[in-house]
Amino acid sequence: MTMEFKNVLVAVIYLISAILFIIGIKRLSKPKTATQGNQIGAIGMLVAVIAAFIDFGLVIDASNNITFATSYWLYILVALLLGSVVGVISAIKVQMTGMPQMVAIFNGLGGGASFLVAGVYLIFELSKVAGMSAEVINTALPVNVMVATGLSGLIGAVTLSGSFIAYAKLQGLKIIPDKPVSFKFDLVLKLVLLAGLLALSGVLVVEPTMVNLYWIIVAGGLC
Amino acid sequence: MILVYLITVFAMAIFLGFELITKVPATLHTPLMSGSNAISGITIVGALGILLTTVSTDDVAVWPFILAALALFFATVNVVGGFVVSHRMLAKFRGKKS
C-alpha cells in the first residue's frame, strides 16, 4: 500500500461516513424510519473512527513499510473505552424525564472536546516551528487553519457553558435563576463581548504565535 | 484558496441541514436533536487525529497529551451517550404506538 493509495482510501471512507450521516438524519426525521436513522448515524460514526485510525495511526514510508504512528495506543484505547462506558451507563441510567438534561451535558462535553482539540493542535503546531521565521510559521499555520482554530475555540466554549447553564435550568437547580437575567444595556454588553472575541480571533489568524489569545477567546466564550 | 473551498462546503452544509430537518413532526424533535448532537461528536476524529500524530510523536510536555486524551474522552461520551439516549427515546415512542 502506498501513501497515496492510503490517502485516497481514507478520503473515500470519510465520504462514506458523511453520506451515512446524511441518510441517518434524513431517516431520523420520519417516524417510521427514525430508529433505523439513528443506527445509520451510529454506523457512520464508527466508520469515521476507523477512517481516523487509518488516516492518523498508520504511517507508510517511501519503501511502503507500514508502521504505527504512536506508541501510546494503550492510553488512546483507554480514553475511548472509558468514554464509551461512561456514555452508555449514563444514557441507560437516566430517567425518561431527565433525558433533556442528559443531552445538554453530552452536547456540552462535545463543545469542550472541540475547543480542547483546537487548542492542543495549536500548541503542538507552534512547538514544531518555535523560533523560526514568520514565513515558516505562516506556512505551518495558514489562514484557513487559523480561522477554523479560532472558531472552534469560540464556538466550543460557548457550547460548553451554554449547555451546562441549560442543564442547570432543566434540572431546576437554584444556582441559576429561572427568569432570564437582564439589566440595562445587557444586549450592548453581549454584542461588545462578541465583537471583541471575533476581533481577537482575527488577530489570532494573522499572528498564530499569540497562543495565549486562544485561551482568552475560550475564556471569553465561556462567559 | 483552501479557505474558499472550506467555506463552499460550509455553505452547502447549511442548506443541506436546513433541507433535512424541515417538516419534521413535533414528536421527533427531541430524538432528532439528540441524534444530530451525537453526530456533532465527530470532533472525536479530531481528538484521535491529534492524539495519534502530533501529540504522540513529539517528545514534549505531558499536559497537552492529557488535554487531548480528555478531549477524546469527552467526545466519546458525547457520541456513544448521544446515540444510546436517542435509541432509548425512539424505543419509547415505538412502545407507545403498539
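What share of the contacts in chain B between residues at least 6 apart in sequence join residues at least 24 apart? The share is 74%. This is a predicted model. Chain A and chain B meet in a contact that takes 57 residues from chain A and 65 residues from chain B. A nonpolar core of 65 residues, the largest one, includes residues such as A:Val117 and B:Leu51.

**Chain A**
- Eight helices and two strands make up the secondary structure of chain A.
- Along the sequence, the order is α-α-β-β-α-α-α-α-α-α.
- Chain A has 223 residues, and 32% of them count as buried.
- Of the contacts in chain A with a separation of 6 or more, 64% come from residues 24 or more positions apart.

**Chain B**
- Chain B has five helices and zero strands, in the pattern α-α-α-α-α.
- Of its 98 residues, 47% are buried.
- Helix α2 of chain B covers residues 29-40.
- The twelve residues of this helix should span 16 Å at 1.5 Å a residue, and the end C-alpha atoms are 16 Å apart, so the two values agree.
- Buried residues in α2(B) are B:Pro31, B:Leu32, B:Ser34, B:Gly35, B:Ser36, B:Asn37, B:Ala38 and B:Ile39.

**Where the chains touch**
- The contact uses 57 residues of chain A and 65 residues of chain B.
- On the chain A side, α1 (3-28), α2 (34-57), α3 (73-93), α4 (99-128) and α6 (143-171) each supply at least two residues.
- Helix α4(A) gives the largest share of that side, 17 residues.
- By class, the chain A side has 39 nonpolar, 17 polar and one charged residues.

**Helix α4 of chain A**
- Why is α4(A) described as largely enclosed by the rest of the structure? The reason is that 24 of its 30 residues are buried.

**The largest nonpolar core**
- This core has 65 residues.
- Those with the most contacts inside it are A:Val117, B:Ala47, B:Leu48, B:Leu51, B:Ala68, B:Ala71 and B:Leu72.
- Chain A contributes at least two residues from each of α1, α2, α3, α4 and α6.
- Domain 1 (1-69) and domain 2 (95-223) of chain A each give the core at least three residues.
- In soluble globular proteins, nonpolar side chains tend to be buried together.

- A:Val88 sits in helix α3 of chain A.
- Is A:Val88 buried or partly exposed? A:Val88 is partly exposed, because 16 other C-beta atoms lie within 10 Å, and a buried residue needs 20 or more.
- Leaving out residues up to four places away in sequence, A:Val88 touches B:Val80 and B:Val84.
- A:Val59 is 29 residues from A:Val88 along the chain, and their C-alpha atoms are separated by 32 Å.

**Confidence in chain A**
- The average pLDDT of chain A is 82, and 83% of the residues score at least 70.
- Within chain A, α2(A) has the highest confidence, at 94.
- Helix α8 (residues 211-222) of chain A has the lowest, at a mean of 62.
- Where pLDDT is low, the predicted coordinates should not be read in detail.

Terms used. Residues numbered from 1 in each chain as written. Chains lettered and ligands numbered in written order. Predicted model: local features only at pLDDT ≥ 70, side-chain atom pairs only at ≥ 80, totals over all residues. Contact = placed C-beta atoms within 7 Å. Helix = DSSP H or I, 4+ residues; strand = E, 2+ residues; numbered from the N terminus. Nonpolar A, V, L, I, M, F, W, Y, C, P; charged D, E, K, R; others polar. Buried ≥ 20, exposed ≤ 12 C-beta atoms within 10 Å, placed from the backbone. pLDDT = per-residue confidence, 0-100. Expected span 1.5 Å × (residues − 1). Core = buried A, V, L, I, M, F, W, Y, C linked by C-beta atoms within 7 Å. Domains from an automatic or database assignment.
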